[in-house]
Amino acid sequence: MPCCEGAPDPAVRAALADLRGLHPPPETGAVRLDVLAAIGIGLVLAALVLLAHAKWRRQKISVRRAALNELAAARGLDPAARLLAQARLLARLARTLGIEGEDRAAALDRLFATDFFTAGPGRALTRDLYAPASPDPDAIDAGLARCFARIRA
C-alpha cells in the first residue's frame, strides 16, 4: 500500500493500512425526527404565546366594555344617585387597574393623560364627592366616557 511504505514500524504500517479515506455519511432520504421535533415545539410555543396574548387583550377590552356599559346604565338615575354610581364605578375601576392610595385622582390623570380628575369635573368623584355644590352629571359622564374609552392596559 502506498501510504504505508515509509513507516518504519510494522505495527504502525498495519494501523495505517486499516485506515480508509473520509466519506460523507450516506444519504438515507428519511426525515430527521430531531429537526421535526424542534419545529413542532417551536410552533406549539408560538401558539401558546398568541393564545395568552389574545386572552389578555380580550380581558382588557372587556374591562373597558363593562365600564362603559355601567356608565351608560347610570345615566337613567337621578343626579345624586347618578353621582354615587359614577363614584363607585370609578373606585372599582381604579382598583381593577391597580390604582390604590391617597392621591388616586393624580394617578388616574397620569393613567388617562388628562387633568379631568384633579382640575376638571371629575374632581367631584375623587376629592369633592361630599361637597355641597352639585356638579353637572352630564359633564362627568362625558369625561368618564372619554377616559374609559382609552383603557388598554
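A residue is called buried under 20% relative accessible area, exposed over 50%, and partly exposed in between, using a 1.4 Å probe and protein chains only. Isoleucine 151 is buried because its relative accessible area is 3%. Isoleucine 151 lies in the segment after α6. The C-alpha atoms of isoleucine 151 and valine 63 are 8.0 Å apart, while the two residues are separated by 88 residues along the chain. Of the 153 residues in the chain, 24% are buried.

## Basis of the model

The model is predicted; local features need pLDDT of at least 70, side-chain atom pairs count only at pLDDT 80 or more, and totals for chains, interfaces and linings use all residues. Residues are numbered from 1 along each chain as its sequence is written, and side-chain values use heavy atoms, with hydrogens and water left out.

## Overall form

The chain has 6 helices and 0 strands, where helices (H or I, at least four residues) and strands (E, at least two) are DSSP runs numbered from the N terminus. In sequence order the pattern is α-α-α-α-α-α. The radius of gyration, taken over C-alpha atoms, is 36 Å, well over the 15 Å that the globule rule gives for 153 residues, so the chain is more spread out than a compact globule. That rule is 2.2 Å times the number of residues to the power 0.38. Along the principal axes, the C-alpha atoms fill a box of roughly 115 × 30 × 20 Å.

Contact means heavy atoms within 4.5 Å. Among contacts between residues at least 6 apart in sequence, 54% join residues at least 24 apart. The chain exposes about 10,800 Å², and carbon and sulfur atoms supply 61% of that area. Accessible areas come from the Shrake-Rupley method with a 1.4 Å probe; for residues, only the protein chains shown count as cover.

## Salt bridges

Side chains of opposite charge can pair when their charged atoms come close. The whole structure holds 5 salt bridges, a salt bridge being a side-chain nitrogen of Lys or Arg within 4 Å of a carboxyl oxygen of Asp or Glu. One of them joins arginine 92 and glutamate 70, at 2.0 Å from N to O. This pair links distant parts of the chain, with arginine 92 in helix α3 (residues 79-96) and glutamate 70 in helix α2 (residues 33-74), 22 residues apart. Arginine 92 is partly exposed at 34% relative accessibility, and glutamate 70 is partly exposed with a relative accessible area of 34%.

Arginine 82 forms a salt bridge with aspartate 138, with the closest N and O atoms 3.0 Å apart. Aspartate 138 is in helix α6 (residues 137-149) and arginine 82 in helix α3, so this pair ties together parts 56 residues apart in sequence. Arginine 82 also forms a salt bridge with aspartate 141, where the closest N and O atoms are 2.1 Å apart. Aspartate 141 in helix α6 and arginine 82 in helix α3 are 59 residues apart. Arginine 82 is buried, with a relative accessible area of 8%, and aspartate 141 is buried too. A network of salt bridges links Arg75, Arg82, Asp138 and Asp141.

## Aromatic pairs

The whole structure contains 2 aromatic pairs. Rings of Phe, Tyr and Trp (its six-membered ring) pair if their centres lie within 6.5 Å; planes under 30 degrees apart count as stacked, over 60 as edge-to-face and the rest as tilted. Phenylalanine 112 and phenylalanine 117 have ring centres 6.2 Å apart and planes at 40°, so the pair is tilted. For phenylalanine 116 and phenylalanine 117 the centres are 5.0 Å apart and the planes at 85°, so the pair is edge-to-face.

Phenylalanine 112 and phenylalanine 117 are both buried, and phenylalanine 116 is buried as well. The ring pairs link Phe112, Phe116 and Phe117 into a cluster.
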